[in-house]
Number of protein chains: 2
Amino acid sequence: MLKEERQSFIIKQINLHNKVLSNELSKKLAVSEDTIRRDLKELAKTGKILKVHGGAIGKAFHYPYHHNSEIYAQTAKQIIADKAISLLKDDMVILTGGGTTMIEMAKKIPDNLKATFFTISPMVALTLANHDNLTVIGIGGELSKNSNVFIGTSVINQLFDLKMDLCLLGANGISIQEGMTDSDWSVVQVKRAMIHSCQKLAILSITEKLNTVQRMKVCDLNLIDYLITESSKEEPILSPYQKTKTELL
Amino acid sequence: MLKEERQSFIIKQINLHNKVLSNELSKKLAVSEDTIRRDLKELAKTGKILKVHGGAIGKAFHYPYHHNSEIYAQTAKQIIADKAISLLKDDMVILTGGGTTMIEMAKKIPDNLKATFFTISPMVALTLANHDNLTVIGIGGELSKNSNVFIGTSVINQLFDLKMDLCLLGANGISIQEGMTDSDWSVVQVKRAMIHSCQKLAILSITEKLNTVQRMKVCDLNLIDYLITESSKEEPILSPYQKTKTELL
DNA sequence: CTTATTTATGCATGTTTTTGCAGTTTATTG
DNA sequence: CAATAAACTGCAAAAACATGCATAAATAAG
């Protein structure tokens with residue numbers, strides 16, 4: 001068996017079960033645990049998986065959401081939220097994904113904005129529901145345990161019939177070369193469908209995630225209309241993006 | 001079991017019950033209490049939980065507006081939740097509505113139950129997502145601001161294609177004469193569709209709502225297979241219902 | 001075709017991590 | 001304050017890990 005076969009098998013197992021154990025893989029693939037460990041190390045180095053003691057887990061693994069716990073990079077996400085809100089106008093129809101940044105934005109939406117929000121995130125839906133002037137529509141499907149958003153063909157089919165004004169998405173990886181990338185296959189499928197069903201696309205991402213690449217491609221940079229980070233346009237890290245047609249906020 | 005899995009389980013338990021006990025976790029996860037203590041210490045160090053003598057609690061516990069404290073008729077709903085859970089078996093496909101009682105039930109579902117839940121409530125969906133062995137599917141639509149469940153033709157259409165084992169619904173009014181009644185027209189439409197798409201129907205209702213009638217009729221009493229209240233079967237208030245074909249729990 | 005070089009793998013070795021246990025100290029409760 | 005439960009400390013065993021090295025296969029060069 002080729003090394004590449006083995007490693008792609010490992011990735012498949014992680015996609016399927018969200019984890020692998022070194023000793024199990026060793027038996028299943030009939031190689032020594034050392035070899036498995038080397039495989040896992042390689043895959044981890046290229047960011048494909050997350051190595052832990054005893055095996056590995058999917059990169060999409062976060063600790064389950066806990067409401068009042070400190071949100072990572074709080075202030076940055078507040079700034080991003082404010083910038084994103086500046087894109088919202090009355091009577092718009094907006095589609096949003098999930099993530100802590102999106103929830104922060106949902107909280108900060110001004111009370112007088114009258115708009116319609118579609119969302120694949122139950123948490124964002126509930127947050128938006130606190131605003132009297134918003135119409136909130138949840139797009140249902142299987143709930144992803146990793147990212148707490150609705151995924152699957154059901155979601156994609158529903159999106160197919162819609163054409164909205166603006167898509168707000170959080171990103172896991174953004175780079176000039178690879179565009180927007182993500183680590184969870186099923187989430188990528190949904191994000192693609194979301195992008196196709198909207199006129200404009202805005203990406204919300206902390207600067208830290210700029211110039212990082214995840215395993216799966218969501219879309220090219222030129223599909224992104226607005227790139228929203230907590231940094232100001234003039235920051236050197238953003239200068240390569242100045243040259244693209246993507247507008248920086 | 002990997003350390004990361006164990007810790008993720010702990011967080012999920014805290015999401016559900018706002019606390020964990022070291023000795024309980026030790027039994028559930030089949031590791032020593034020392035190991036649990038070390039886990040709690042680690043999670044506490046990264047600020048995810050708050051370690052206390054005997055276990056840990058969620059960080060939200062200190063805040064004045066704690067969920068559990070503001071639920072009306074808490075203990076009654078706990079009893080109802082337990083009774084409802086006794087109806088659930090492995091491999092069942094269950095459809096649920098929303099409401100605080102349903103969320104309490106979702107929290108108390110045993111960790112080893114393997115089942116599929118459809119729900120029109122984003123909050124119930126998120127709560128169920130903390131159980132590793134459950135598949136959770138949200139049925140999307142417009143989010144009702146009053147009741148925080150998805151409503152509308154979209155929901156009804158999706159339900160039309162499904163045939164599930166058991167429907168769990170909260171009730172606003174129950175009476176011998178009028179059956180189940182409710183006050184919100186759009187919710188009534190959805191409830192009717194939910195009832196039609198399930199083999200069996202269980203109604204969760206605090207005794208207080210028995211013999212009350214709301215403006216709009218959902219269904220007759222004879223459509224209800226199980227009526228779940230916090231009272232025992234022998235209570236006089238339930239005696240009229242003893243004569244019907246509805247089973248009392 | 002032969003030789004040299006790289007690559008992949010397994011094994012032996014020593015190190016680190018994880019876990020459970022015994023003994024002691026600290027905290028909680030009535 | 002006494003009884004009990006939980007927490008901490010140090011230690012030991014097991015498992016996982018890292019490293020260096022030998023072997024074998026694949027590849028490249030002559």
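**Sheet, DNA surfaces and chain contact in a predicted model**

In chain B, strand β2 runs antiparallel to strand β3 (residues 55–57), and three bridges join the two. Within this pair, B:Val52 has B:Gly55 of β3(B) as its bridge partner. The structure described here is a predicted model. Helix α3(B) packs on the sheet and touches β2 and β3 of chain B, with a direction that makes about 140° with that of β2(B).

The sheet to which these strands belong is open and has three strands, in the order β1-β3-β2 (chain B), with antiparallel pairing. In chain B, β1 (19–21) and β2 (50–52) stand at the edges with a single partner strand each, so one side of each strand is left without a neighbour in the sheet. On average, and with direction ignored, neighbouring strands of the sheet are turned by 20° against each other.

DNA strand D is surrounded by 13 residues, of which A:Ser22, A:His53, A:Gly54, B:Ser22 and B:Gly54 are the closest. The largest share of the surface near DNA strand D comes from α3(A), with three residues. By class, the residues of this surface comprise eight polar, five charged and no nonpolar.

Around DNA strand C there are 13 residues, and those that come nearest are A:Ser32, A:Thr35, B:Val31, B:Ser32 and B:Thr35. Helix α3 of chain A and α3 of chain B each supply at least two residues of the surface near DNA strand C. Here α3(B) gives the most, with three residues. The surface near DNA strand C divides into six polar, five charged and two nonpolar residues.

The two protein chains also touch each other. Chain A brings 30 residues to the contact and chain B brings 33 residues. On the side of chain B that touches chain A, at least two residues each are supplied by α1 (3–17), α6 (122–128), β6 (134–138) and β7 (141–143) of chain B. The largest share of that side comes from α1(B), which supplies eight residues. The side of chain B that touches chain A has 15 nonpolar, ten polar and eight charged residues. Strand pairing also links the chains: β6 (residues 134–138) of chain A pairs with β7(B) in the antiparallel sense over two bridges. In this pairing, A:Ile137 stands opposite B:Glu142 of β7(B).

Nonpolar residues were also grouped into cores. The largest nonpolar core has 106 residues, and A:Cys167, A:Ile203, B:Cys167 and B:Ile203 have the most contacts inside it. With its neighbours within four places in sequence left aside, B:Ile203 is in contact with B:Leu169, B:Ala171, B:Ile174, B:Met180, B:Ile224, B:Leu227 and B:Ile228. Another core, of twelve residues, lies apart from the largest one and includes A:Ile10, A:Leu25, A:Ile36 and A:Ile49.

Technical notes:
Residues are numbered from 1 along each chain as its sequence is written. Chains are lettered from A and ligands numbered from 1 in the order in which they are written. This is a predicted model: local features need pLDDT of at least 70, side-chain atom pairs count only at pLDDT 80 or more; totals for chains, interfaces and linings use all residues. A residue is near a molecule or strand if its C-beta atom, placed from the backbone, lies within 6 Å of it. Helices (H or I, at least four residues) and strands (E, at least two) are DSSP runs, numbered from the N terminus. Ala, Val, Leu, Ile, Met, Phe, Trp, Tyr, Cys and Pro count as nonpolar, Asp, Glu, Lys and Arg as charged, and the others, Gly among them, as polar. Two residues are in contact if their C-beta atoms, placed from the backbone, lie within 7 Å. Two strands pair if DSSP finds at least two bridges between them. Axes are lines fitted to C-alpha atoms, for helices over the stretch in contact, and angles run from 0 to 180 degrees between N-to-C directions. A nonpolar core is a set of buried Ala, Val, Leu, Ile, Met, Phe, Trp, Tyr and Cys residues joined through C-beta atoms within 7 Å. A residue is buried if 20 or more other C-beta atoms lie within 10 Å of its own, exposed if 12 or fewer, and partly exposed in between; C-beta atoms are placed from the backbone.
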